[in-house]
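Please keep the viewer open as you go.

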Amino acid sequence: FKGGDTCEYLLSSGRFLGEKVWQPHSCMMHKYKNSEAKNCLIDKHVVFIGDSRIRQLFYSFIKIINPQVKEEGIKHGNIPFEDKSASIKVDFLWYPEVNGSMKQRIKSWTEGSVAKPHIIVVGAATWSIKIHNGSNEALAQYKTNITSIAPLLEKLAISSDVYWVLQDPVYEDMLSESRKMITNEKIDAYNEAAVRILNSSSRNSKAKVKVFSVSKLIAQETIMKSADGLHLPESSRDTNAMILMNVYCNKIMKPIDGSCCQPQPPLTLIQKIAFCFFTLSIIGYLIISLIHRNNYRKNKSCTDLESGEEKKPAISTPSVSTLEMLLQCFCKLGLIMTYFYLCDRANLFMKENKFYTHSSFFIPIVYILVLGVFYTENTKETKVLNREQTDEWKGWMQLVILIYHISGASTFLPVYMHIRVLVAAYLFQTGYGHFSYFWIKGDFGVYRVCQVLFRLNFLVVVLCIVMDRPYQFYYFVPLVTVWFMIIYATLAVWPQIVQKKANGNCLWHFGLLLKLICLLTCIYFLSYSQGAFEKIFSFWPLSKCFELNGNVYEWWFRWQLDRYVVFHGMLFAFIYLALQKRQMISEGKGDPLFSNRVSHVLLFISIVSFLTYSIWASSCKNKTECNELHPSVSVVQILAFILIRNIPGYVRSVYSSFFAWFGKISLELFICQYHIWLAADTKGILVLIPGYPMFNVLVSTFIFVCVAHEISQITNDLAQIVVPKDNSTLLKRLLCLAGFFSGLHFFSAMQDQSRH
């Protein structure tokens with residue numbers, strides 16, 4: 001940790017990821033849209049002063065505000081630009097040399113009541129080299145002129161943002177005869193003089209002229225593509241303009257994926273309360289541990305002075321009280337949450353943008369698949385979708401999703417569509433698993449509901465508090481929570497139809513199918529009635545849970561994207577359990593699921609269906625079209641996979657313990673990746689070890705997986721304490737939780753009021 005300002009890094013250092021993506025050192029750069037640029041620069045005046053290179057930068061800058069602008073201005077003259085809708089003025093002033101004329105223009109802004117520009121971008125040198133044929137006298141005069149201008153720029157920097165753009169290198173082989181005297185050696189001499197003079201003054205350390213030197217690094221990589229050897233190609237100057245926009249706008253707009261130049265957010269009231277709570281938990285746990293340890297030592301065996309025999313201790317092991325276990329869990333959780341905060345809220349660790357290449361996605365996929373196959377073991381039972389198999393399924397899907405996120409593969413549409421199927425498969429398992437439990441067990445008690453809700457939501461609620469994020473931000477947990485409640489409501493409402501009751505009378509099966517048809521009708525209606533859906537979830541207190549950025553559109557989009565797949569999971573569970581009850585399938589070890597002929601036909605159809613879906617997903621034209629069809633067709637590949645995985649007896653009898661281990665902590669892995677593996681709320685990559693990408697991924701992944709595993713254990717331990725089986729005790733705990741959330745809502749309202 002160097003403690004440097006990320007703005008300085010943005011202006012001075014970085015590297016290219018691929019050919020066009022610029023990665024500043026230690027931070028992330030946001031790509032501004034024209035609407036965002038207008039919001040940032042509203043009522044602002046920006047001035048570019050210099051030669052043709054600065055004019056290029058001017059055009060790239062105003063194209064961010066208005067992409068329709070054409071470069072039709074006078075080449076050797078001033079060019080005005082105005083966006084009346086946002087009251088933005090951007091001017092280019094033609095001053096190709098650092099001389100008295102430039103000084104007079106800058107001086108006019110420092111005197112009298114003349115309105116000063118909010119942003120001033122200055123730079124010139126190549127004309128001085130060209131006109132004076134690269135003479136040393138011209139360099140000396142350049143130094144004199146900058147020395148006289150520097151105090152004026154520093155005075156302007158007190159109230160405005162002032163940037164001095166260093167000269168980019170040239171591609172000497174491509175320069176015309178009239179420009180041959182502009183050499184990189186001369187440019188370096190001019191740049192060195194400008195940096196030395198502008199940074200030498202210490203009149204006011206806060207009012208510092210910012211040196212825009214990163215353009216040199218960009219030009220070194222791209223100047224070979226220049227049309228004339230002097231001017232940068234369009235992509236490079238666009239990068240420079242975007243850097244300029246990030247330097248000024250990030251602190252105003254605070255984009256999630258623009259960590260450069262953003263100050264550390266101040267602690268909210270709820271975060272301060274959480275910090276105090278975890279600190280007290282750590283202190284309390286240490287005190288109780290010391291007291292218990294001392295009591296244990298006192299009760300240890302001691303030597304009888306008369307017989308010399310050792311007496312047996314009254315207590316053989318230190319007993320762990322419920323309070324001590326509770327404090328221990330919160331103690332560990334407090335330390336883990338500190339790590340979360342330092343990784344993704346404090347400006348302590350570096351963050352970098354994602355950059356997708358096919359190798360960065362497919363090579364790790366092949367690697368984990370080989371590992372998964374290597375750790376093959378026999379299952380304890382050979383039923384369809386047995387526990388080991390579903391854990392394995394969750395595990396490899398979660399690992400693929402993690403690789404998808406860290407590699408930035410969402411930009412590659414075929415991969416995106418297959419990942420959408422994996423997310424749908426998680427929800428399919430939600431429908432299958434919860435339906436099977438309620439259908440077989442008939443347990444609709446409050447204890448079961450509270451256990452599931454606690455295990456699903458505990459980590460997310462803690463992160464909402466510590467990381468100052470809304471509940472809907474962690475969209476997958478609200479999704480599975482709502483679907484669990486829908487499954488519960490569908491089966492729990494009168495008449496409650498379970499397997500035991502249905503076995504006595506086949507008509508109950510039709511009753512259950514009728515319930516499922518009603519559920520499908522409701523889903524269909526809500527999916528095509530966005531207004532009705534948004535009204536339902538806009539009522540308080542649901543709005544507090546499902547709003548993101550002031551509306552519930554994101555929640556509606558996420559819900560409708562996989563709206564049918566949970567129903568498909570419930571229907572599959574119903575059909576499978578009915579076939580199992582009537583002994584129409586064979587689930588013995590090594591036996592095919594159906595007769596040989598039927599098994600071969602179904603296996604062939606499944607493989608063809610699986611490949612057909614993959615071909616369709618790979619031929620998609622755009623995300624919008626694909627997302628419209630996805631809810632209806634994703635079940636094809638899911639069912640095909642289930643049949644391929646379960647029809648052959650041998651395949652159904654083995655599983656990968658490697659994948660199954662990850663499957664047991666898949667929910668924690670999915671949520672933890674937001675802040676301690678990825679960065680900037682999944683928009684970037686966390687950098688613990690700069691300069692060594694592979695080593696960094698290994699270290700951050702190891703910590704990330706260990707933390708997810710530990711949180712899974714903490715959640716299980718706390719679930720036993722917070723959600724007891726005794727109904728009267730459980731009711732008291734629920735009242736306490738209601739009080740907790742009421743307090744959370746009260747403090748949240750206080751925070752919102754103070755922000756406004």
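The report below goes from the domains to one interface, and then to some local backbone features.

## Domain layout

This is a predicted model. Its protein chain is divided into four parts: domain 1 covers 6-253, domain 2 is made of 265-291 + 321-348, domain 3 runs over 355-723, and domain 4 takes 726-755.

UniProt, in an unreviewed entry, places the feature "domain: NXPE C-terminal" at residues 22-72. In the model, that stretch is 43% helix and 18% strand, and 28 Å lie between its end C-alpha atoms.

## Where domain 2 meets domain 3

Let us turn to one pair of domains. Taken over C-alpha atoms, the centres of domain 2 and domain 3 are 31 Å apart. Their contact involves 20 residues of domain 2 and 26 residues of domain 3. Together the two domains bury about 2,100 Å² between them, and carbon and sulfur atoms account for 77% of that area.

Between domain 2 and domain 3, seven residue pairs are in polar contact, and the interface has two salt bridges. Elsewhere on your screen, you can look up the salt bridge that joins the side chains of E710 and K332, with an N to O distance of 2.9 Å.

## The domain 2 side of the contact

Which elements give two or more residues to the side of domain 2 that touches domain 3? They are α10 (269-298) and α11 (322-344). The most comes from α11, which gives 14 residues.

Sorted by class, this side of domain 2 has 14 nonpolar residues, along with three polar and three charged ones.

## Backbone features worth a look

Most residues other than glycine have a negative phi, and most peptide bonds are trans.

W494 is joined to P495 by a cis bond with omega near -5 degrees, and P495 sits in the loop between α16 (476-492) and α17 (499-504). The peptide bond between W540 and P541 is also cis, with omega about 5 degrees. P541 is found in the loop that lies between α19 (530-538) and α20 (542-546).

The last stop is D468, a residue other than glycine whose phi is positive, near 55 degrees. Look for D468 in the loop between α15 (446-466) and α16.

Key
Residues numbered from 1 in each chain as written. Predicted model: local features only at pLDDT ≥ 70, side-chain atom pairs only at ≥ 80, totals over all residues. Heavy atoms only, no water. Domains from an automatic or database assignment. Contact = heavy atoms within 4.5 Å. Buried area = accessible area lost by both parts, 1.4 Å probe. Salt bridge = Lys/Arg side-chain N within 4 Å of Asp/Glu carboxyl O. Polar contact = N/O pair within 3.5 Å; in protein donor to acceptor, adjacent residues only side chain to side chain. Helix = DSSP H or I, 4+ residues; strand = E, 2+ residues; numbered from the N terminus. Nonpolar A, V, L, I, M, F, W, Y, C, P; charged D, E, K, R; others polar. UniProt positions renumbered as here; feature names shortened; annotations may be inferred.
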